[in-house]
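Work through the exercises below with the sequence and the 3D structure at hand. Try each task before reading its solution.

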Amino acid sequence: MYILMHFTCLLPFVCLLIYTPLMPCPPSTTFVPFSERERERERERERMEKSGTPRVAIIGGGISGLAAAKELRWLEPVLFEATDSIGGVWRHCSFRSTRLQTPRPDYEFSDYQWADRNDPTFPTHSEILEYLHGYATHFDLWRFIELETKVVEIRFVGHGETKTGFTDLWGDKGRPIADGPAWEVGVVTPRSNTVQWCKFEFVVMCIGKYGDVPNLPTFPRGKGPETFLGKVLHSLDYCKLDDEAAKSLMKGKKVVIIGYKKSAIDLAVECAEANHGTDGQPCTMVIRTLHWTVPSYSISGLPFFLFFSTRLSQFLHERPNQGLFRSLACHLLSPLRRGVSRFIESSLTWKLPLEKYGLKPNHPFVEDYASCQMAILPENFFAEADEGRIAFKRSSRWCFWEGGVVLDDNTKLEADVVLLATGFDGKQKLKSVLPEPFRGLIVDSSGVMPLYRGTIHPLIPHMAFVGYVESVSNLHTSELRCKWLGRLLRGHFKLPGTGAMFRQTGAEIDVMKRTTRFYRRHCISTFSINHSDDMCEEMGWSSWRKRSWLAELFSAYNNQDYKEDESQ
Ligand SMILES: Cc1cc2nc3c(=O)[nH]c(=O)nc-3n(C[C@H](O)[C@H](O)[C@H](O)COP(=O)(O)OP(=O)(O)OC[C@H]3O[C@@H](n4cnc5c(N)ncnc54)[C@H](O)[C@@H]3O)c2cc1C
C-alpha cells in the first residue's frame, strides 16, 4: 500500500539508480587536506580504504552526533561540525536564561552520569555544554571531530548491490553499509573557499531540527518587516547577542514577541527583567496557538513521570500495531486517559492564572504532551505578568505597520523591537543538503519523516537520521537510536524490507495523528517505552529492563535502563 502511495516519488529514484554509474565525477572528488591534522586523517582514510574498512560520516556535533560518534567509534567515523564548537542548540540556540526542561537524570548518557545528578535544579545551557565536553573527552571523541567544517552538499554515488531495485536497498538483500562509496560529502571550511569532496560508505545525518534555518512568517506586499521602522529579529539572531547587547536591545523599548512556545516564554522573561525600573516598558506576547505550560516537574505534588513515563501510564495510550485486545483495552480505558489529562488541566488552571490572562488552551493537555510541546515556565513568568511587565494578545494573523504590528482585529500595537520566536525549519535544513530525488522523499504526504525506528528512511540507502523523533528527553531518544544503529551496522540484525518499514512508520504516524493535532513534530512520548521495546528486541536485548515487576509498572524509564550489558 505504502509502496503504491510512493510510486510516483520512486520513479526519479529508480532513474537515479540506473544512471548513477554514468554520472561524471566532479573535478575534485577527493578530499583535499588543509592542515597537518587533516593530512593525517586523510592518510588514515586512505589506509581504511585499502583495508576495506567502511568510511562513515556523521554530520552535526550536537548530542545526536556525539552519541553517534561514540556508538560508531569502532568504525573511526569523521564527524563534520559546521561551527567552532560541539553542543548544537545548547551552544548556538540558547539565551542567557535557557535551561534544560528535563531533570538531569533524564537528560544523561547511559554511560556518563552528571557529576551532580541529584541536583534538582534544571541545568543552564553552559552546564549542559560542560557536560557534553566531558562526554566527548571521556570517550576520546575529539579525534573524530572536524570543527568549522560545514557540509554544503551531498551526492549519491552508490550503485552496485542496489541496482536490482529499490526494494533491495535495505532488508535481506541490501546491506546497511555499502560495498563501495555510496555518498560524496562536500564540505567548506574557513580555510578553503572551494568545496572539498570525500566519499563514504555510510552517512549519519545529525544536523538537528532546531537552529540554523528560521521559520519566518510571510506577508502580503507592504505588510512585511520592510514597512516597519523598528528592529526585527528572529530568536536565532537574538541568541547571538551577548548579555549586554540583549539587555540594551530591550531596555526601555516597546517589545513585541511573536509566539508562545518555550523560546517565546524565555524571551518574554528576559525582556521583563531588562525592563525593571522606572523607564521600563511592558513587553507584549502575540499568541496564535495556546499551549499548556507547567511550573515544575510535579502536578499536585505527584512527580510528573507517574502520568506518562511508566509502563502503567503508557498502557492507557494507543501504540502502533497494538492488536485487537489492546485496541479494545485502549478504547475501554479512554475515560481514564481523558481523566488523567483533565486532572492535570484542572491542577494547572488552579495553580496558574491562566484564566485571568486568557491563556487556558481549549485542547486537552495530553495533545501538547503527545507532541512534545509542554514548556516548563520560568519561576518568575507570572510574577512579571502580575507586575505588568508582560502582556498577552491573542491573534490568529498579524502583519507589520510602520509603528509596530497589526493584529487580526485591526488593533495596532506600537513597537520598537519585534522578536520572532516562530521556530525553525529543520526539514528545510535537511533538504538543503540532500540531493534529489531523496530531498523530495524526506517527508511523506502527512508532512512527517517516515523513519523506521526513528532512524532509517526506507527509501534513502546507506544513510541514517538521528535527532528527528522527539520524546520527553531527546538525549535518551537519540542515544538509544545510536546504539540500535551501531548494532545494525555491526550486522547483529537485519532491516526488514522497504514495505515492512513503511508499514511500521505508517502505523506510528497514524497513532500520532489520532493522539494530537500537532503530530507533525514527530513526537513519540505517549508510546516511547513501546518504541524502545521494539528496538531492544531487534538488538537481542530484553525489553523489560527493570529489576522487578513493581519497578516495571511504576518507575520511569530513562537512559540508565538501557546501559550496555556485557553479556548482550
Ligand atoms: C532552546 C531549546 C531548548 C531545548 N530544551 C530541551 C529540553 O529541555 N529537553 C530536551 O529533551 N530537548 C530540548 N531541546 C531540543 C534539543 O534540540 C535536543 O534536546 C537536542 O539538543 C538536539 O540535538 P541534536 O544533536 O539532534 O541537534 P542540534 O543540537 O541542533 O545539533 C545539530 C548540529 O549540527 C550542526 N550542523 C547543522 N548543519 C550542519 C552542516 N550542514 N554541516 C555540519 N554541521 C551542521 C549544527 O551546527 C549543530 O551543532 C531544546 C531545543 C532548544 C532549541
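At 31% relative accessibility, Glu 76 counts as partly exposed, because that class lies between buried (under 20% relative accessible area) and exposed (over 50%), with a 1.4 Å probe and protein chains only. The model is predicted, so local features need pLDDT of at least 70 and side-chain atom pairs pLDDT 80 or more, while totals for chains, interfaces and linings use all residues. Residues are numbered from 1 along each chain as its sequence is written, and side-chain values use heavy atoms, with hydrogens and water left out.

**Exercise 1. Backbone angles**

Task: Where is Glu 76 placed, and what is its phi?

Solution. Step 1: Glu 76 sits in the loop between H4 and strand S2 (78-80). Helices (H or I, at least four residues) and strands (E, at least two) are DSSP runs, numbered from the N terminus. Step 2: its phi is near 50°, a positive value in a residue other than glycine.

Task: Is His 462 buried or exposed?

Solution. Step 1: His 462 is in the loop between H17 and strand S20 (463-465). Step 2: the phi of His 462 is positive, about 55°, although the residue is not a glycine. Step 3: His 462 counts as buried because its relative accessibility is 1%.

Task: Which residues are joined by a cis peptide bond?

Solution. Step 1: Glu 436 and Pro 437 are joined by a cis peptide bond, with omega about 5°. Step 2: Pro 437 belongs to the loop between helix H16 (426-433) and helix H17 (438-441).

**Exercise 2. The ligand**

Task: How many residues surround the ligand?

Solution. Step 1: the ligand is surrounded by 30 residues, where a residue is near if one of its heavy atoms lies within 4 Å. Step 2: the closest are Ser 64, Glu 81, Gln 101, Tyr 107 and Asn 474. Step 3: by class, the shell has 14 nonpolar, 13 polar and 3 charged residues. Ala, Val, Leu, Ile, Met, Phe, Trp, Tyr, Cys and Pro count as nonpolar, Asp, Glu, Lys and Arg as charged, and the others, Gly among them, as polar.

Task: Which polar backbone atom is 2.6 Å from an oxygen atom of the ligand?

Solution. Step 1: the backbone atom belongs to Gln 101. Step 2: a polar backbone atom of Ala 82 is 3.0 Å from a nitrogen atom of the ligand. Step 3: an oxygen atom of the ligand lies 3.2 Å from a polar side-chain atom of Trp 90. Step 4: of the 990 Å² of accessible area that the ligand has on its own, the protein covers 92% (Shrake-Rupley method, 1.4 Å probe; for residues, only the protein chains shown count as cover).

**Exercise 3. Cavities**

Task: How many cavities of 30 Å³ or more does the structure hold?

Solution. Step 1: there are 2. On a 1 Å grid over the protein atoms alone, a cavity is a set of points where a 1.4 Å probe fits but cannot get out, and lining residues have an atom within 4 Å of a point. Step 2: the largest cavity has about 50 Å³ of space, a volume being the space filled by probe spheres set on the points.

Task: Which helix gives the most to the lining of the largest cavity?

Solution. Step 1: helix H11 (311-315) and helix H20 (528-539) each supply at least two lining residues. Step 2: H20 gives the most, with 3 residues. Step 3: the lining divides into 2 nonpolar, 3 polar and 3 charged residues.

Key
1 Å grid on protein atoms, 1.4 Å probe; cavity = no way out; pocket = protein on both sides within 12 Å on 5 of 7 lines; lining within 4 Å. Polar contact = N/O pair within 3.5 Å; in protein donor to acceptor, adjacent residues only side chain to side chain.
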